[in-house]
Structures are given as structure tokens and as C-alpha cells.
Amino acid sequence: MRAWDMKPPEMRASGMMKYAHGGHVAALLMLLTAGLAVPWVVPELLGPLSRLWLFVVLALSWNLLGGQAGYPSLGDIAFPVIGMQVAVMVQAELHEPAMVPGAVAAGGSEALSMPDMVRTFAGLAPGVLAGGVMAALVAIVAGGILLRLPRQHFAVATAALAVAVVGMGAGWPFDSGGNDAPVLPMAAGGPWLLYWWSFLLAALALVFLAWLHASRFRLALVAIRDDEDKAEAAGQFVLRNKVAAWAIAAFFTGMAGAVHAPLAGSTSADMAAFNGLEVGVWMILMVLAGGRGSFWGPVAGAIALFILWELMRLWAPQLQLLLAGVMLVMTAAFLPQGLAGWWRQRFLHLSAVAGACGRGGVMACRHAGVDSDADADTDADADALAGVDHVVAAGSGWREARHV
Amino acid sequence: MSDTMHRLTFFRPLLEVRCINGIDSIGNSSRKDAACSLQAVSLSVERGIIVGVGGPAGAGKTLLLDCISGMRSIDAGEIWFNGHEISHLRSGYIARMGLVRTFHPPRVFRSLSCLENMLTALPAERRLLPGLFAWPRRADLARATELLAFVGLHDGCWQQAGALPVHQRKRLELAMALMSEPKMLLVDEPVADLDAAGAEDMMELLRRINAELGTTLLVATQDMHWLEGVADYIHWLEQGRVVAAGTPQELGVRHQEPV
């Protein structure tokens, strides 16, 4: 039997094909089907759910460099802001087909005709694409410089980048663009169209990043997180991979920002609904709460925190940042591997460390006794083979492991 | 040597180290009594043989490997590999030219499984970006499994590398280096932390790598006795200088089978 045909339970924690197997494809399809059904099932929640999809995009994108490659960027919020403002500029330049005179004149109370809807939907496209591309270009240029720094320095430098970009929007000297640029007025079908835009974007991000997660690109990123010097010494294109990861993340977050501009009705980075620096904190928090490095962790984190976020907006908007702080502390203390780690431990009976973090793992004991020249730890491993439930392998940083 | 002869790489040694000075940390190599620095070290490695670098702890063996593999810069002298000067290239370039090293203690990507570790080490032209987005091919997986079996990790494909014991991580690191189809392998301390039987196995493995895969090896270790068993030619380092060089026979001590 060839080795890759064997599918021991360990695969669930660290196997390569785990995202190509049926369960994950099914989960992805279920999520997308739910997204398709929403406009008919709960039409009154279209606005918040559009924002939810955008949050999913933000979390998944941040996870690419911050979670998998271990380069936490505190400034990824710069990309939605860039995307938003570039999109508005481009749409203004193109004399926005999205603005439908009839509907606006009618005060938005009339439903749009079908061709108008299509035009409106398509009218956003050039702006959204331009926003994403511009954000990716900024990431390539900035990443070429900043990603040479050690990761702590990188985090601080990106925070500076975010402050600069948000500030630049406020002091924008040109007619179009900037914080108070005129956003396309949305007609009656607005929320409906914007929901489809956000959903389309999220579906695109989910499918593409799921693909990427099963590809060798993820392996290259995790290698950078685990041991960057070794990756470099082994001849990997370390800097190029980091920049590519950041550019992909920027492309998606930039498009998310571009879709958000008409959703919020403003391009202001300081607006309460999409407060630049505050969302910047939340998008990191979503990944940390969900479990960085995994694929479903950020999605789960985005959904969980989005619910909290919306409730806070309703009841106590002034406490949002405080809640974010408390959440951060609680996550660090009680869920160091996030929801994904908790799930792995609770339902898959695997060490929470195994999948996401390189701190040793569970799969050691099963095969450790194979070689006759195994070291002194073999006794403990032999016990594990004999069916002992818990093994604590001391001395080499192994975590307590429970065998299924 | 004329310029034309320089280009006839086949007739030249695979690796030439000419009179290099290296320093261990930030400091000045002109300080002659520096504890760990290389002073005018020269050696050459012909194609297809196993060369040993021996010496007590602190003699500069690892430093020499660091200098050759581009992880540290050298002060003086030059290093040539396969007809190209690599004295001041970065480690990534050197590795992609086919000069790959291992570390002591072994360094693998801990949160990946053994098979995934192997897949990060595909040959250099497979690491370019558009191709990196592809899923691993069956042929790659087959090659990875084959190499893992070759180094003696028969069942370890799905094990997490960080959870392996040290001697298996050494083997995994060797397998990863071989995965990239190197012309030459720098092996740092292959037998440190191994018992006698493990050292025998490692000797056997290095010889098989040399004989079956045709890889040239430069092996650095403290264990002179072991080195005489495996190497065709030995350089003995002490305090950053080559104090003796020759075949094991020339160096005077015949290899004796362990009792």
C-alpha cells in the first residue's frame, strides 16, 4: 500500500489533503448555500449580513500572512480604506452607471427594473476591481520593504502604515476621493444588490483561499512561520512568498472596502460604522478568537465576533473597544488556539497545539517505537502503543495527548 | 589558472574554499586569538566523494559550514562551487544552486507533517510562484515517500515533524535536503546525540546517499573515530585552522570496527 493511501486519524490534524476531502467541501457548499438563501429567508437582515460577509473576507485575508506565515500585520485596515477611496474615485470618473436617474428621482421608493439592476450591479465592478488592484499594488511595494523586517518590527511598521493611510484620506487634496467623497447614491434595490456583491466577494475569497490552503503555498507560509532561517537556507523564495501572501490579502480586503463604501454611504475612514483603526483591531481579533493558521477558525471567529459586534452596536456602541480589549485578554488566557483549537481538542480528541502551532503534537507516540535505536523516551511510547490513554512525554515539549 | 580553465567546471573540484577568514559573532577577525574564528582555511572537495571535517568543539566546524552555505559572511578569501563564485551570495541562492546544508540540532518545520516537510523542499524550479499555488502531484508524493523510506522513516509520513525524536528529525532533515536534488550536501554533526548503533546506521545512510544518489558530501563532526569510517578524505580543524588533512590512512589511524 502506498503511504498516501493510508488515512490514519492523525491526518485530521496535520495531513495535507485535509482540505480536499469531502467534509470540508461539504461545509463550504453549505455555507455558500446558506448565503444564497438569505435574501429570501431573512430579507430584513440584508444590511448586517452583507457586513458579515465582508468580515469573513477580512478575517480570512488577515489569516494568510498573520496566521499562516506568522507575520502579524496591525495595519491591514489600510487596504480596505485604499480600496474604498479608489473605488469611489474610479466610479466618479466613469460617470457611474450605478446611479440610476429614475430611481433616484423617485426618492428610491420604487423598485428598479431588471435591466437597471443589472446595470447597477455591474456598475460597481470597475471600482471594486480597481480598489482591490490598487490595494494589492500598495501591499507589493510596502511589503517589499517592510517584510524584510523581523516580525515584531513588521507589526509596528504596519500600524504606522495604517495611521498614514487613514490620515491621508482625511487630508485628501483632490476633488474626488478622500474621506468625504460623494458616494454613489443607492436606489431602492441598493441593499439587495450590495448583499450580492458582498456575498460574491466572500464566495470568491472562500473558494480561492480554500484552494490555497490545500496547495503548496500554505506549506511555504507555514515553513516561514516555523523557521524562517531554515526556509531561506533551504532555498525557498521567502520574501517573495511573504509579499505574495500580503498582496493576495490586500486584494481581497481592498475589494471588501470598495463594496463597503456604498454600503455605509460614506468613504470616511473615521465613520462609526467602519471606523478604520477600530475595525483594524477587530479583524485581528476575529482571527485570534477563531484560531489563527487554520481555515475555518477565522470564518468561525468572524461569525462569532460579528454577532457580538452588531449587538454592541445596538446596545452599547461606546463600549465596543472595551469589549474588544476584554475579548483579546480572554482569548489569550482561555483559548490560546482559538475556537478551532478548542474544537480540535473537544471533538477530534487531538491536542489543540497540533494543527495550528508548532509546539509538538499528538502523533508522536504512535510510531515512535518503530526504530530499534529509539531513545529513552521509547518506554513511554510503548505504553502509548499498549493503549494508555494519556501520555506525557517529558523533556521534548510534547503536550499531553489523548489517543482516539 | 586561465579563464578558459575556470569554465571547464567538470575538471575542477565541486567545492573550493580558498583561504577564508570568518568570524563567529560581531567582532574583528584580525584578533588572532578569537575563540571561534576561521583563519585562512582552505579545502577542496572533488565530485562524488565524502569529505570529513573533524575537530574538537569550538574548532569552527559549524562556522565553516555557515560560511560556505552563505549564512555568515567571510572577511577574506573566496569560495567556489561548481564553477561559480559563491563567496558573497545569500544562502537562498546557494541552496538553489545545489549546495544544501543540514543543521545541528536538526531544523525541520515543526507544525507540518513529514510528508508536508518534504513537499516544501521540492527542486528549486518548482518553488516559483504560480506553480506554488498548485496542489501537490502524485509523483511528488511518491518521491517524498520513497525518500522518507530511503532514510528510514517508513511509517512516518503523517507524523508531525515537531513531535519526532531527535534522531528521526535528523533523518527527516536529510530526506528534505535530498528532495531538492542537491549536487552537494553539507551535513552538520550527523552523529551527535546518537548512540553507537544509531551512529552505525547513520554511517550506512550517508554512504548510501553518496553511492546510490551520487551526492557529494561534506560531513562535519567531533567524532574522529566515526569520521574515519565514513570519509574518503579528512580535514582536521583546531582553533579555526586546518592542522591536518589526508585520507584516514594517511592520518595514521585505521578505522577499527566497534567491539
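Where in chain B is the place of B:Pro105? Select B:Pro105 and you'll land in the loop between β6 (99–101) and α4 (114–119) of chain B. While you're there, look at the link from B:His104 to B:Pro105: this peptide bond is cis, with omega near -5°. Keep in mind as you go that this is a predicted model.

**Getting your bearings**

Now zoom out and colour by chain. Chain A has 404 residues, and buried ones make up 56% of them. Its secondary structure comes to 19 helices and two strands. If you take the contacts in chain A with a separation of 6 or more, 78% are between residues 24 or more positions apart.

Switch to chain B. Here you'll find nine helices and 10 strands. Of its 259 residues, 57% count as buried. For contacts in chain B between residues at least 6 apart in sequence, 71% join residues at least 24 apart.

**Stop one: two helix pairs in chain A**

Select residues 190–214 of chain A, which form helix α9, and residues 238–264, which form helix α12. Their axes come within 10 Å and cross at roughly 170°. Because the angle is over 145°, α9(A) counts as roughly antiparallel to α12(A).

Show the side chains where the two meet. From α9(A), pick out A:Leu194, A:Trp197, A:Ser198, A:Leu201, A:Leu204, A:Ala205, A:Phe208, A:Leu209 and A:Leu212. Facing them in α12(A) are A:Ile248, A:Phe252, A:Met255, A:Ala256, A:Val259, A:Pro262 and A:Leu263. What classes of residue make up the contact of α9(A) with α12(A)? There are 15 nonpolar, one polar and no charged residues.

Next, select residues 296–315 (helix α14) and 320–334 (helix α15) of chain A. This pair packs at an angle of about 150°, and the axes are 10 Å apart. So α14(A) is roughly antiparallel to α15(A). Turn the view to look at the crossing, which is right-handed.

On the α14(A) side, the contact is made by A:Leu305, A:Leu308, A:Trp309, A:Met312 and A:Arg313. The α15(A) side brings A:Gln320, A:Leu323 and A:Met327. By class, this contact has six nonpolar residues, one polar and one charged.

**Stop two: the nonpolar cores**

Which residues touch the most other members of the largest nonpolar core? Select A:Trp246, B:Leu172 and B:Trp226: they hold that place in a core of 137 residues. The largest share of this core, 14 residues, comes from helix α3 (residues 46–68) of chain A.

Centre on A:Trp246 and bring up what surrounds it. Leaving out residues up to four places away in sequence, A:Trp246 touches a list of residues including A:Leu65, A:Phe79, A:Leu146, A:Leu147, A:Phe154 and A:Leu161. Some of its other contacts are A:Ser73, A:Asp76, A:Gly143 and A:Thr158.

There's also a second, separate core, with 27 residues. To find this one, select B:Leu14, B:Leu43, B:Ile94 and B:Met184, which are among its members.

**Stop three: an enclosed helix in chain B**

Go to residues 61–68 of chain B, helix α2. Seven of its eight residues are buried, so this helix is largely enclosed by the rest of the structure. The buried ones are B:Lys61, B:Leu63, B:Leu64, B:Leu65, B:Asp66, B:Cys67 and B:Ile68. Just past the helix, click on B:Gly70, where phi is positive, at about 80°.

**Stop four: loops in chain B**

B:Lys61 leads you to B:Gln222, which touches it. B:Gln222 sits in the loop between β8 (216–221) and α9 (224–230) of chain B, and is partly exposed, with a relative accessible area of 43%.

Move on to B:Asp193, in the loop between β7 and α8 (196–212) of chain B. Is B:Asp193 buried or exposed? With a relative accessible area of 59%, B:Asp193 is exposed. Its phi is near 70°, a positive value in a residue other than glycine.

Last, select B:Glu181, in the loop between α7 (166–179) and β7 (184–188) of chain B. B:Glu181 isn't glycine either, and its phi is positive, near 50°.

How values were computed. Residues are numbered from 1 along each chain as its sequence is written. Chains are lettered from A and ligands numbered from 1 in the order in which they are written. Side-chain values use heavy atoms; hydrogens and water are left out. Axes are lines fitted to C-alpha atoms, for helices over the stretch in contact, and angles run from 0 to 180 degrees between N-to-C directions. Helices (H or I, at least four residues) and strands (E, at least two) are DSSP runs, numbered from the N terminus. Angles under 35 degrees count as roughly parallel, over 145 as roughly antiparallel, 65 to 115 as roughly perpendicular and the rest as oblique. A crossing is left-handed if the near helix is turned anticlockwise from the far one by less than a right angle, and right-handed if clockwise. Contact means heavy atoms within 4.5 Å. Ala, Val, Leu, Ile, Met, Phe, Trp, Tyr, Cys and Pro count as nonpolar, Asp, Glu, Lys and Arg as charged, and the others, Gly among them, as polar. Buried means under 20% relative accessible area, exposed over 50%, partly exposed in between (1.4 Å probe, protein chains only). A nonpolar core is a set of buried Ala, Val, Leu, Ile, Met, Phe, Trp, Tyr and Cys residues joined through side-chain atoms within 4.5 Å.
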